[in-house]
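Trainee: I have just opened this entry and would like to go through it with you. May we begin with the charges?

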Protein chains: 2
Amino acid sequence: MFALANGHVGIRGNLDEGEPHDSLGTYLSGFYEEHVLPYPESGYGYPESGQTMVNVTDGKLVRLLVDDEPFDVRYGTLRSHERELDFRAGTLRREAEWVSPAGRPVKIRSTRLVSFAQRAVIGIAYEVEALEETRVILQSELVANEPRPVAVTNGDPRVAAALDQPLDPVTADAEHVGAVLVHRTRSSDLLLAAGMDHDIDAVGQFEVEQQVRPDWARTTVVAVLQPGETLRLVKYVAYGWSATRSEPALRDQVAAALISARYAGWDTLKLAQRAFLDEFWAGADVEVDGDPVLQQAMRFALFHVLQAGARTERRAIGAKALTGTGYSGHTFWDIEGFVLPVLTLTHPQAAADALRWRASTLDLARQRARTLGLAGAAFPWRTINGEETSAYWPASTAAPHVNADVARAFEEYRLITGDTGLERECGLEVLVETARLWRSLGHHDRHGVWHIDGVTGPDEYTALTDDNVFTNLMAARNLQAAADAAARNPQQATGLGVTTEEVALWRAAAEAVHVPYDEELGVHSQCESFTRFGEWDFEASSGRYLLLMHAPYFQLYRKQVVKQADLVLAMQWFPERFTAEQRARNLDYYERRTVRDSSLSACTQAVLCAQAGHLELAHDYLHEAALVDLRDIHGNTGHGVHIASLAGAWTALVAGFGGLGHGETTTLRLAPALPDAITRLVFRVRWRGTPVRVEVADGQVRCSLPGPRARLPVRIYDEEVVVTSARPVSRPLRPREPLLATPEQPPGLGPRVRARPRD
Amino acid sequence: MFALANGHVGIRGNLDEGEPHDSLGTYLSGFYEEHVLPYPESGYGYPESGQTMVNVTDGKLVRLLVDDEPFDVRYGTLRSHERELDFRAGTLRREAEWVSPAGRPVKIRSTRLVSFAQRAVIGIAYEVEALEETRVILQSELVANEPRPVAVTNGDPRVAAALDQPLDPVTADAEHVGAVLVHRTRSSDLLLAAGMDHDIDAVGQFEVEQQVRPDWARTTVVAVLQPGETLRLVKYVAYGWSATRSEPALRDQVAAALISARYAGWDTLKLAQRAFLDEFWAGADVEVDGDPVLQQAMRFALFHVLQAGARTERRAIGAKALTGTGYSGHTFWDIEGFVLPVLTLTHPQAAADALRWRASTLDLARQRARTLGLAGAAFPWRTINGEETSAYWPASTAAPHVNADVARAFEEYRLITGDTGLERECGLEVLVETARLWRSLGHHDRHGVWHIDGVTGPDEYTALTDDNVFTNLMAARNLQAAADAAARNPQQATGLGVTTEEVALWRAAAEAVHVPYDEELGVHSQCESFTRFGEWDFEASSGRYLLLMHAPYFQLYRKQVVKQADLVLAMQWFPERFTAEQRARNLDYYERRTVRDSSLSACTQAVLCAQAGHLELAHDYLHEAALVDLRDIHGNTGHGVHIASLAGAWTALVAGFGGLGHGETTTLRLAPALPDAITRLVFRVRWRGTPVRVEVADGQVRCSLPGPRARLPVRIYDEEVVVTSARPVSRPLRPREPLLATPEQPPGLGPRVRARPRD
């Protein structure tokens with residue numbers, strides 16, 4: 001939770017002195033080691049090599065010795081200890097008062113930041129104040145190849161070997177008051193330079209010593225402090241890494257980053273950090289009156305979403321961003337599906353860069369499609385560098401919706417920002433190549449209906465299905481979007497080999513897409529035959545979740561049990577495809593069968609419950625999504641925060657209660673409704689370059705444009721209005737009446753945290 | 001091809017001197033080593049440990065030195081060399097005339113047998129005759145831990161480690177003119193004793209020396225032979241192995257087997273072998289006039305089927321029996337599906353023993369069902385010891401038809417032999433537990449139709465399907481058979497907890513089973529939606545078979561491409577469920593989509609083509625099935641012979657051209673029709689204990705009972721007759737007119753060998 005990152009460099013919230021710790025972590029975007037994927041029975045097209053984010057050279061370490069006794073919260077007496085993650089300052093502050101085992105009291109204050117302004121740089125200001133006369137030693141370190149915690153190696157000795165001591169030393173040099181260590185990964189052959197430098201400030205005399213070894217460097221400061229005197233160390237850490245640049249080039253790059261940081265100085269770094277965040281929050285902050293827990297959680301969520309994407313700059317955003325090694329640091333469809341739409345609305349340049357990264361992997365995706373015998377491009381299910389690394393094909397290769405999720409993220413970006421440059425730059429090519437993929441994945445039956453067989457939708461408990469509604473609708477939209485984009489950019493489309501015949505086929509497939517519907521039950525069937533499958537015995541499963549830890553895929557796949565929102569996600573992303581009655585009945589049907597064994601579900605359930613008028617249940621689901629890490633709901637926040645759930649929580653608030661949407665047009669739509677406990681909701685988005693502020697309070701929704709000379713058409717409920725900077729628009733709230741009773745969940749599987757006590 | 005076995009012990013056709021070789025092999029039924037199965041992404045219920053048949057202590061070795069030069073066919077001059085597998089003698093004979101590099105000519109004659117009478121014993125008579133005065137040395141050896149050939153270790157170092165030097169030495173002792181070596185496997189903890197003893201016979205003087213080491217023992221005979229003199233060595237080898245017995249017990253057991261063999265002597269071993277085979281062939285031989293290639297192939301097939309099962313005695317029969325390490329020595333559904341029905345008709349006691357083995361694994365199968373969340377018993381997809389070891393669940397755990405295949409084998413045994421004792425002994429329990437499995441696998445929809453979803457039928461290119469016709473029919477028959485068996489054995493059924501309510505549920509499910517049929521096309525759909533799936537692009541796949549080596553499962557599963565007979569196998573095993581018109585149309589439809597990437601397909605296609613009147617095509621398929629190893633059609637006969645294809649070839653001849661069947665009754669049915677080239681067909685079966693001889697020749701079918709005082713009702717075409725020993729019955733042959741033109745196969749995928757040239 002206390003991790004700091006800027007999308008480029010990330011550090012876990014480890015204590016300055018390194019111990020005690022769950023796992024030490026310093027991560028660099030796109031920096032990984034490879035390892036062989038062992039299959040007991042291999043198959044054609046199985047990825048041969050896996051990728052794992054590496055804990056790189058640790059620059060966070062500042063160890064303190066008080067009269068030779070190491071500061072360690074497990075020993076001596078800890079009079080007070082507080083850490084504060086400041087969302088506006090962009091820092092992690094710490095204050096402790098500690099009495100050494102020998103009885104020497106000191107106060108320790110440290111402040112850390114991972115700079116948004118200088119993206120290669122970490123700064124740490126560390127102060128120790130003596131309360132009695134004390135000899136104080138500070139050891140500021142760089143340490144490579146820290147002991148690996150018990151990692152997800154599946155018990156495979158080769159994976160463990162690949163990740164044990166993953167960094168081979170290349171060079172180690174002292175620089176100014178610090179050092180630069182250069183390492184290389186053995187198998188992925190990535191070069192890494194990590195450097196540190198220091199400013200030291202003390203009233204009296206102090207001495208400095210330096211040691212540099214291949215795997216570590218240490219700058220030691222010794223001083224004798226009188227009561228009330230402070231020794232202050234500012235540590236600048238910088239990283240550079242590359243698959244192509246040379247060792248001297250990287251070493252120089254890091255030295256330059258260090259001198260640039262030291263030249264700016266600590267105060268300037270802090271000011272720049274604050275300025276960056278002021279700008280962000282001005283266009284993104286939410287205010288949730290009446291629910292202080294949610295208020296804090298939403299800002300925590302936005303802060304981590306920003307940290308995930310702010311300066312990623314054409315590298316993948318992992319599902320845990322740079323906060324832990326969960327999912328090996330891989331990116332999944334949840335980034336395009338859940339995270340980028342939020343960045344698009346709040347910090348669009350980050351979304352654009354993440355999309356540019358995807359586009360930069362098109363050649364790999366084309367190769368993958370060829371391997372699979374398909375046309376176009378097939379983006380990987382999980383990856384760091386763009387190559388497919390998923391070792392279980394029924395839930396990866398068989399889930400091509402990832403391609404449509406990417407296409408949708410491009411479309412959302414275009415519709416919401418109004419920026420058409422990204423489409424010309426790379427979006428068109430992505431839309432065209434994914435459309436080609438879909439054409440080769442689907443086929444027309446003898447009645448002209450278009451089907452996609454044997455695929456897995458978002459619900460990983462129902463795999464290799466025919467005509468998954470979500471996938472089919474996504475494919476159709478992808479085809480339609482590619483056709484429209486080709487029409488908008490005819491010359492570039494021709495350059496990509498697109499013909500009018502090809503476009504006609506895309507449109508024909510999209511228009512003929514099959515959407516299974518069970519007439520008898522009056523609900524959509526998540527996939528063909530789903531509503532005819534056997535029911536899951538939820539009573540027998542009581543207390544045995546995650547289900548995949550207690551039941552084989554064989555059983556899960558053949559029953560009506562849903563891991564995560566699938567048909568319900570289709571209703572969120574395709575509101576125009578479902579009537580209010582269908583929405584109500586579908587929600588009721590799938591709520592009873594959804595076990596929410598994925599953190600990607602509650603946020604979607606929250607939106608649909610809100611839209612269907614079940615505002616209190618939506619509020620509960622929103623809490624579950626937003627508090628996923630603050631309450632460690634899945635028990636694995638230690639592996640990193642759940643970026644997509646955090647982003648989805650914001651969407652749940654803004655789209656669910658705020659009623660924000662666009663209905664596939666460029667017009668902002670609002671249709672808010674609040675649950676009982678939330679007395680006032682304010683949110684801010686950027687729409688087609690214009691900052692927009694929406695306030696829902698006192699029975700009114702008020703839309704205003706904080707910037708100068710702005711003008712924006714907005715649809716509030718079903719009324720088209722024009723908002724200008726000078727003339728905010730207010731309209732009375734309309735009630736949302738549910739058509740059905742509040743849906744029920746399988747026994748014991750209601751929202752895991754509740755916004756308020758229930759009967 | 002030259003492998004000898006008796007179901008208990010098997011030796012590959014390696015040269016006596018061991019070299020050159022593809023892979024050395026001596027195998028013991030049920031003797032295996034375990035190894036960890038490594039998964040890059042594991043899942044609940046995945047088997048953790050694999051099993052691999054081990055090449056045990058080699059007792060075949062007899063090395064010859066001629067004046068210090070080793071006899072090796074790669075050196076010197078090989079004047080002649082012939083080996084002969086004698087199906088009636090049950091021996092492998094070899095004759096060679098060789099001139100050593102130094103110019104010394106010798107004649108070598110050896111004869112091997114793996115005794116059907118003394119099942120632990122191998123005998124080798126080895127003679128060397130000098131053509132000039134020559135010093136001759138024979139080294140007869142036992143060698144453990146021979147170098148492993150490149151095995152299927154999937155590149156996993158742990159699997160390779162488990163199979164490298166798999167035998168830990170326990171004791172090594174000289175015994176008489178020989179030795180006994182005892183070893184133990186490291187992980188599976190199985191104990192193995194291998195012993196040898198010798199009779200030596202020479203005109204002049206000879207000397208004998210013995211050496212015994214932990215991993216090898218050597219008996220050396222030295223003699224100087226005059227021209228025309230012969231040194232003759234008879235080697236007796238015996239094996240014992242156990243998971244439970246002690247080392248002294250095993251050592252004594254082997255010593256006893258050796259003394260018993262030596263006491264009998266070589267000639268007696270040979271006579272007993274001949275007697276066993278005379279008895280077998282009297283009830284099993286086939287005569288195929290007009291097609292000498294097929295004539296030889298059918299006897300080869302029957303001989304290997306007998307070698308696979310004769311003395312297995314409650315251990316599993318592997319897919320390669322004891323002839324090679326293909327499929328790691330595992331047993332699969334093909335044994336019950338294809339091999340046991342043949343043994344039931346020709347050597348029923350072997351079938352009974354194999355079924356007893358299955359029944360002995362019921363506890364493991366019950367445990368597996370519990371793991372999977374199912375009732376009853378779930379037999380493993382592949383195993384040596386009864387535990388599931390398959391590492392790819394969509395083609396194993398998801399293919400529960402193996403359970404119905406086992407049940408069917410029990411039913412075939414009961415109907416054909418008339419033996420009801422096996423059902424009481426263990427068959428009823430198997431039927432009941434598999435019926436319980438099916439009940440928990442299937443479910444009724446809201447219209448009362450019974451479905452089985454998410455399973456894989458025989459066609460491994462179409463997996464995780466709903467309502468696979470083959471599986472559904474097999475399940476229904478399994479349920480019905482269990483219900484009938486419970487009614488026949490009410491007390492025992494009660495002892496198994498069977499109630500009348502449970503039986504009623506079995507019958508209800510069986511009667512309501514869904515059988516997908518495409519009304520528009522007038523064909524059965526192999527599974528739900530199959531006939532709606534996209535077509536495979538066979539043109540693009542030209543020359544790229546096996547398809548699974550060139551296309552991902554993802555693509556294979558979602559298309560109309562069939563690896564092996566599935567719906568067509570359903571038509572073979574359920575003739576009464578399909579009209580002649582359906583049979584013709586279904587065959588035509590599936591022939592066009594079947595790539596026959598499995599050796600389990602041609603034999604079934606042969607039967608159906610014959611039944612549909614496409615006799616020439618059937619003849620071609622029969623050749624492909626029968627010559628699978630003699631022509632090495634799949635290029636992997638080196639891994640062991642294809643027992644199921646060989647057994648299936650016999651079935652293709654007898655059921656396809658002979659028209660033999662029983663229609664779920666106890667009455668033998670005959671409806672023969674021959675292809676042009678076969679002028680006369682004779683086959684023999686045992687029916688309800690009675691030897692039956694059927695001759696099809698000269699436009700007549702003639703059924704006779706060779707034994708004394710026998711009487712058997714037989715249905716010839718649609719006429720019920722009674723055959724007695726005294727009164728054979730002859731009837732004129734009826735033509736089989738095809739309803740449709742000869743079906744076509746995908747381009748280039750017609751029968752791989754052809755019985756005769758085609759236009």
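Trainee: How many positive and negative side chains does chain A have?
Mentor: This is a predicted model, and in it chain A carries 78 positive side chains and 99 negative ones.

Trainee: And how far apart do the centres of the two sets lie?
Mentor: The centres of the positive and negative sets are 3 Å apart.

Trainee: Changing topic, how many helices and strands are in chain A?
Mentor: Chain A contains 18 helices and 32 strands.

Trainee: What radius of gyration does chain A have, and what would a compact globule have?
Mentor: The value for chain A is 27 Å. A compact globule with 759 residues would have a radius near 27 Å, so the two agree.

Trainee: What does the C-alpha trace span along its principal axes?
Mentor: For chain A, the span is about 85 × 60 × 60 Å.

Trainee: What share of the residues counts as buried?
Mentor: Of the 759 residues in chain A, 64% are buried. As for the surface, chain A exposes about 25,900 Å², and 48% of that comes from carbon and sulfur atoms.

Trainee: Which share of the contacts joins residues 24 or more positions apart?
Mentor: Among contacts in chain A with a separation of 6 or more, such pairs make up 67%.

Trainee: Are B:Cys426 and B:Cys703 buried or exposed?
Mentor: B:Cys426 has a relative accessibility of 10%, so B:Cys426 counts as buried. B:Cys703 is also buried, because its relative accessible area is 0%.

How values were computed: Residues numbered from 1 in each chain as written. Chains lettered and ligands numbered in written order. Predicted model: local features only at pLDDT ≥ 70, side-chain atom pairs only at ≥ 80, totals over all residues. Heavy atoms only, no water. Helix = DSSP H or I, 4+ residues; strand = E, 2+ residues; numbered from the N terminus. Rg over C-alpha atoms; globule rule 2.2 N^0.38 Å. Buried < 20%, exposed > 50% of the residue type's maximum accessible area, 1.4 Å probe, protein only. Contact = heavy atoms within 4.5 Å. Areas by Shrake-Rupley, 256 points an atom, 1.4 Å probe, with all protein chains shown as cover. Lys, Arg positive; Asp, Glu negative; His and termini not counted. Charge placed at Lys NZ, Arg CZ, Asp CG, Glu CD.
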